[in-house]
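Please read the numbered points beside the sequence and the model.

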Amino acid sequence: MRAVRSFRLFVLASGVATLVACGSSSGETLFESGGTSGAAGHGGVAGSAGQAGAAAGAAGSEAGSAGSAGAEGGAAGEAGAAGEAGAAGEAGAAGEAGAAGNGGGPPECKPIGHDEDGDGVDDACDNCPSWPNGDQSDGDMDGLGNSCEASANESILSGIEYFESWMQAPLAQWELSEGYVPTQDLLKAADTSCGQDCGANALWKKPLSGTYGAESVFQKGDGSGWGGVLVADKENDGGWVGCLVQFSWTSHTLGLWKFTAGATYVSQIGDSVTAEDAQTPSGSLRRVRVIVQGPNLTCDFENDLGKSATLSAKAGDAMVFQGRAGLRVYDLNAAYRSFSVFR
């Protein structure tokens with residue numbers, strides 16, 4: 001095949017969560033708080049010799065609105081003991097910090113009323129907004145959910161640099177070749193009408209290098225071609241590396257492909273592996289991810305039916321994994337539901 005060139009953002013690694021856009025539910029037809037604590041230290045009020053027990057007990061009850069330990073201690077203790085029980089109530093207030101840390105999502109998240117992956121967690125507060133993870137598991141506590149970590153090693157990535165769910169147009173941060181049409185919640189890619197030996201790319205304009213991940217979730221439309229994620233696009237010469245799923249009537253396979261400057265055709269890197277059954281419904285969600293660590297690249301696939309596959313490659317003299325990332329279709333219609341960049 002011949003290559004043809006062609007919400008919104010929030011950053012976790014820095015601790016600031018800014019979301020510009022969000023996506024839709026996956027059912028759309030294609031192509032048509034911890035608790036709060038009361039005032040602490042009320043249990044420390046001291047009464048006179050004859051009234052201290054009653055006053056301290058009442059104060060302990062007030063502290064009990066924040067923590068039951070303070071209430072019980074205040075009700076049961078004598079004058080001095082009640083004051084100490086009030087201090088215990090103050091310690092109960094410290095439990096508020098533990099509750100606040102229970103969210104697991106971006107810090108200071110402000111819900112936007114949309115849940116792209118349908119897992120019950122708002123996109124702005126989701127530590128993996130592209131793929132369902134209702135429990136928000138985060139094994140290494142770096143703010144990036146387990147579902148978005150690199151499959152080989154969760155320490156490789158630690159945050160979401162960019163999340164796009166195609167809610168707003170025009171897409172100033174994107175370079176879209178002919179055939180890509182932004183609609184609400186989707187980026188539709190139509191590439192079955194251009195004939196043989198053609199392809200279409202959509203590129204996020206910011207170059208990437210070092211360690212990063214690029215991911216897209218999409219649904220297959222008409223055609224028996226390729227769809228997936230590009231990385232290492234060279235703006236000056238058009239070269240790129242792609243982690244692409246090939247859909248045919250008899251098989252759905254995962255392969256690594258590259259296009260280099262001066263080449264006429266795209267060439268394959270190594271062998272393909274089976275990604276999913278050929279009978280997998282077009283509407284199933286498919287996630288393709290590329291993880292780059294310097295000269296090493298991993299290409300991962302999974303679908304919402306539990307099928308998965310992995311390939312890997314190492315950079316050589318004519319292949320360096322630095323440059324822009326984005327999407328590609330070749331002789332295929334597809335609906336891209338989200339695009340993410342991880343660091």
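How many aromatic pairs does a search of the whole structure find?

1. The search finds 9 aromatic pairs; rings of Phe, Tyr and Trp (its six-membered ring) pair if their centres lie within 6.5 Å, with planes under 30 degrees apart counted as stacked, over 60 as edge-to-face and the rest as tilted. The rings of W174 and F339 have centres 5.0 Å apart and planes at 80°, so this pair is edge-to-face. Because W174 lies in strand β2 and F339 in strand β13, the pair ties together parts 165 residues apart in sequence. Ring pairs also link Y162, W166, W174, W204 and F339 into a cluster.

2. On the basis of the note: this is a predicted model, in which local features need pLDDT of at least 70 and side-chain atom pairs count only at pLDDT 80 or more, while totals for chains, interfaces and linings use all residues. Residues are numbered from 1 along each chain as its sequence is written, and side-chain values use heavy atoms, with hydrogens and water left out. Strands (E, at least two residues) are DSSP runs, numbered from the N terminus.

3. W174 and F339 are both buried, where buried means under 20% relative accessible area, exposed over 50% and partly exposed in between (1.4 Å probe, protein chains only).

4. Across the whole structure, a search finds 8 salt bridges, each a side-chain nitrogen of Lys or Arg within 4 Å of a carboxyl oxygen of Asp or Glu. One of them joins the side chains of K206 and E161 (2.5 Å, N to O). This pair links distant parts of the chain, with K206 in strand β5 (residues 200–208) and E161 in strand β1 (residues 160–164), 45 residues apart. K206 counts as partly exposed because its relative accessibility is 40%, whereas E161 is buried, with a relative accessible area of 11%.

5. E175 and R324 meet through their side chains in another salt bridge (3.1 Å, N to O). Here E175 belongs to strand β2 (residues 174–176) and R324 to strand β13, 149 residues apart. With 21% relative accessibility, E175 counts as partly exposed; R324, at 3% relative accessible area, is buried.

6. A salt bridge also connects the side chains of E215 and R289 (2.8 Å, N to O). The partners are 74 residues apart, E215 in strand β6 (residues 211–233) and R289 in strand β10 (residues 286–293). Both are buried. Salt bridges with shared partners join E215, R287, R289 and E302 into one network.

7. Which side chain of opposite charge is nearest to R337? It is E116, 4.3 Å away, and R337 is buried yet has no salt bridge; Lys and Arg count as positive and Asp and Glu as negative, with His and the chain ends not counted. R337 is placed in strand β13 (residues 323–342).

8. Strand β11 (residues 296–303) and strand β12 run antiparallel and are joined by 7 bridges; two strands pair if DSSP finds at least two bridges between them. N296 has K314 in β12 as its bridge partner. The two strands form a hairpin with 4 residues between them, and G306 in the turn has a positive phi of about 95°. Strand β12 (residues 308–314) has a covered face of A309, L311 and A313 and an uncovered one of S308, T310, S312 and K314.
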